[in-house]
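Please keep the sequence and the model at hand while reading.

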Amino acid sequence: MTATNVLRAAAPSTIRSPSDIVLCSMKLQEGTNPETLSRFGDDVWNLDPAIFHLTARNAFRTIGFTDIACPVERLTAKEYIFAWLNERLPDRSGRLRPLSARAALATLRQFMAFVREREGRFDAALVDQDLLDSYLVFQKNRSVLPSRVAACMRPAVQLHRLAHFLTHGGLRFVPWNGTPVYKVAGCGGRPYENTTPRIPEPVIGALLLWSLRYVDLFSTDILAARAELDGLEAGYKATIRQARKRSMEARVADWVSRRRQEGRGVPVWNEPERMGGICGGAALALDGHVLNMQLIALQSGISPTNLTGNKAAYTMVLDAVKELGIEQGGMDTPIVIDPDSGQPWRPRFDAFVLAHEERQLQTAAYILCAYLSGMRDSEVQAMRPGCLQRKRSADGMIERLTIRSIVYKGRQDRGETEEWVTIEPVGRAVEIAERLAARHRSQRKDDGIWIVLHRAVALDRGVPHVVRQINRYREHLDQCFGAPDEPTIPLVEGRSWIFNTRQLRRTVAWYIANRPFGVVAGKIQYKHASVAMFDGYAGSSASGFRQEVEQEHHLGQLDDIVAHYEAAQRSERLAGPGASRITHEIDRVAQEIGPLPGMIADGKRVKAMLAHLARTLHVGYLNDCFFEPSTALCLGRSTDSQSQPILSNCAPDRCPNSCIAHHHLPAWQAAITHAEAMLEEKRLSNMQRTVIRQDRDRMRKLIAPLLEERS
């Protein structure tokens with residue numbers, strides 16, 4: 001610290017009093033005692049009374065200034081955050097949200113450190129436009145997105161905006177002459193297309209398949225094993241008291257006798273290399289295996305310490321190993337058969353593996369909830385016990401499965417309680433999550449159904465590291481159910497896919513918009529999921545999910561028309577009544593793009609030139625429809641004006657809007673094969689045979705141009 005800063009630091013704030021309440025203009029949680037609120041003079045501010053986000057990390061609920069050594073910087077930081085939280089200025093910037101205060105302080109300190117390094121000390125009066133430009137270059141040279149660069153440049157703008165509320169003053173000029181920081185950082189405005197990567201179909205298909213298997217099949221074993229272990233632990237003390245009348249050798253002999261009668265070995269830990277010190281001196285290494293003395297003690301009613309300390313009893317256990325062999329895990333809960341392999345899906349449980357599998361089950365349930373409901377992470381983690389309800393529609397004809405939770409995005413600080421209509425797999429996942437959390441909830445202050453499992457003290461509510469947990473779940477699936485050359489979750493470009501929660505919502509929105517009749521995980525049709533999601537809150541503007549689906553539909557149309565264009569460049573033909581019209585239009589665009597010297601026909605330019613076709617494109621299972629209402633046969637019987645095709649009335653072999661591409665061939669060939677199989681049926685009448693033959697011949701003629709091209 002320089003001498004100048006020491007002298008300037010001697011004066012206290014001329015703007016704030018040490019007793020000023022930090023959250024003086026904030027809405028506070030009910031029951032907050034004003035006397036306990038943080039004051040400006042405190043070096044640690046508790047912002048929790050103004051944070052209504054139930055699953056917000058505890059680290060973001062407080063901010064501290066104690067580690068800012070320079071008094072000038074500390075006072076500036078406190079006045080900066082205080083003013084941004086509370087002062088209403090006649091501009092569009094708005095006030096700082098308490099939950100964002102920690103990040104705001106971090107970016108301010110980074111800026112002050114840069115100024116200190118360049119000028120020898122921090123003083124806003126020393127900052128000029130050249131220094132800001134140097135700071136911008138410094139941020140852009142980092143390996144971060146432009147949006148992050150913009151966030152790091154915000155202190156410069158705020159130091160000018162809040163200058164009147166800073167004792168040592170702020171910036172005396174308008175940074176970059178008022179140009180918004182997102183433009184200065186190179187963001188170029190808000191991009192139309194969502195930059196969150198979409199999970200590839202093989203990856204999300206495998207992930208959902210195994211998540212469904214965990215929730216529908218494996219959960220029975222996991223929950224039964226937990227009930228067994230809880231029962232053993234609950235009865236352990238009573239068993240100890242009652243068993244004192246018998247010798248330890250007799251109790252061990254009874255336990256060995258039971259194992260012999262059941263044809264089972266002596267329990268060993270499944271994964272001793274991951275146990276660490278849990279085995280301690282109460283375990284014995286046997287050819288790499290470690291005796292599960294914890295389970296043996298629970299089942300026999302003997303303290304592990306006493307069992308290993310009694311030479312005779314301990315020798316009996318070792319003799320049992322020689323006679324009966326060993327058994328992985330050792331718990332009594334039987335393991336169900338995996339229908340694919342015909343074998344138990346895993347060895348028997350022990351306490352360590354059971355806790356591990358419960359975390360995997362919780363992750364599988366989370367994935368199903370987040371993906372198949374379209375809910376955001378904050379909305380999923382805001383679920384509370386009893387949130388799942390079954391309701392009848394207004395006419396009493398339809399039973400709906402609904403989830404009550406809280407929406408924060410686009411709402412006031414407190415959020416708003418809303419309902420989602422969902423499908424049965426999500427309902428089962430919610431029930432599993434409730435059961436997993438029930439035994440831990442009494443030990444925590446957390447009343448949600450998504451909580452950290454198997455930790456005595458969880459500092460945060462919810463599951464704070466859910467992204468890490470999902471990626472560990474993928475690693476678990478690959479390790480337990482995959483092979484070195486064939487992982488359970490397929491690789492993408494030779495690498496494992498890295499998941500985050502935003503990808504789930506973006507991916508399901510795209511598939512609902514562009515592949516509504518697609519099937520995921522072998523059993524769930526996106527059309528079924530979308531009908532449920534849109535039959536209630538999740539499809540309204542409040543959630544924004546329908547708008548996201550519509551945006552993804554538009555983007556998907558552009559991607560699909562580019563796929564048609566690229567297929568045409570590979571000389572792949574189209575078939576169907578509308579093939580000539582679409583082929584002619586694609587050829588016209590190709591001619592316009594091709595002759596321009598020095599012009600690169602990139603994806604954006606192709607999309608722009610084919611946008612008029614993309615707006616009419618509706619991808620189907622048997623054909624693609626380039627919808628024109630005036631010629632659409634599907635509207636022939638409809639009296640209402642339609643802006644979209646009626647897919648149930650589609651006539652792909654006769655409608656002028658219909659085109660058939662190579663990716664539609666398998667469906668048509670399957671239909672032809674089915675028709676030929678029906679003709680083998682001897683009970684058909686002559687009229688039925690004639691109709692089926694005509695239908696078969698019509699389908700053959702329709703796809704003949706595509707087959708000729710292949711040959």
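**Briefing on the predicted model**

The accessible surface of the protein chain comes to about 35600 Å², and carbon and sulfur atoms account for 51% of that area. The model is a predicted one, and its secondary structure consists of 23 helices and 14 strands.

**The chain as a whole**

- The protein chain has 711 residues, of which 46% are buried.
- Among the contacts in the protein chain with a separation of 6 or more, 65% are between residues 24 or more positions apart.

**The pair α3 and α4**

- Two packed helices are described by the angle between their axes and the distance between the axes.
- For α3 and α4, the axes come within 11 Å and cross at roughly 115°, and the crossing of α3 past α4 is right-handed.
- On the α3 side the contact involves Thr107, Gln110, Phe111, Phe114, Val115, Arg118 and Glu119, and these meet Leu131, Leu132, Ser134, Tyr135, Phe138 and Gln139 in α4.

**Met112, within α3**

- Met112 has its place in helix α3, and it counts as buried because its relative accessible area is 1%, which is under the 20% limit for that class.
- Leaving aside residues up to four places away in sequence, Met112 touches Glu73, Ala77 and Phe122.

**Asp123, between α3 and α4**

- Asp123 is found in the loop that runs between α3 (101–119) and α4 (129–140).
- With a relative accessibility of 10%, Asp123 is classed as buried, although the residue belongs to a loop.
- The side chain of Asp123 reaches the backbone nitrogen of Ala125 at a distance of 3.0 Å.

**Glu35, between α1 and β1**

- Glu35 lies in the loop between α1 (3–9) and β1 (44–46).
- The relative accessible area of Glu35 is 63%, so this residue counts as exposed, the limit for that class being over 50%.
- Glu35 and Ile21 are 14 residues apart in sequence, and their C-alpha atoms are 9.5 Å apart in space.

Notes:
Residues numbered from 1 in each chain as written. Predicted model: local features only at pLDDT ≥ 70, side-chain atom pairs only at ≥ 80, totals over all residues. Heavy atoms only, no water. Helix = DSSP H or I, 4+ residues; strand = E, 2+ residues; numbered from the N terminus. Buried < 20%, exposed > 50% of the residue type's maximum accessible area, 1.4 Å probe, protein only. Polar contact = N/O pair within 3.5 Å; in protein donor to acceptor, adjacent residues only side chain to side chain. Contact = heavy atoms within 4.5 Å. Areas by Shrake-Rupley, 256 points an atom, 1.4 Å probe, with all protein chains shown as cover. Axes fitted to C-alpha atoms, helices over the stretch in contact; angles between N-to-C directions. Left-handed = near helix turned anticlockwise from the far one by under 90°.
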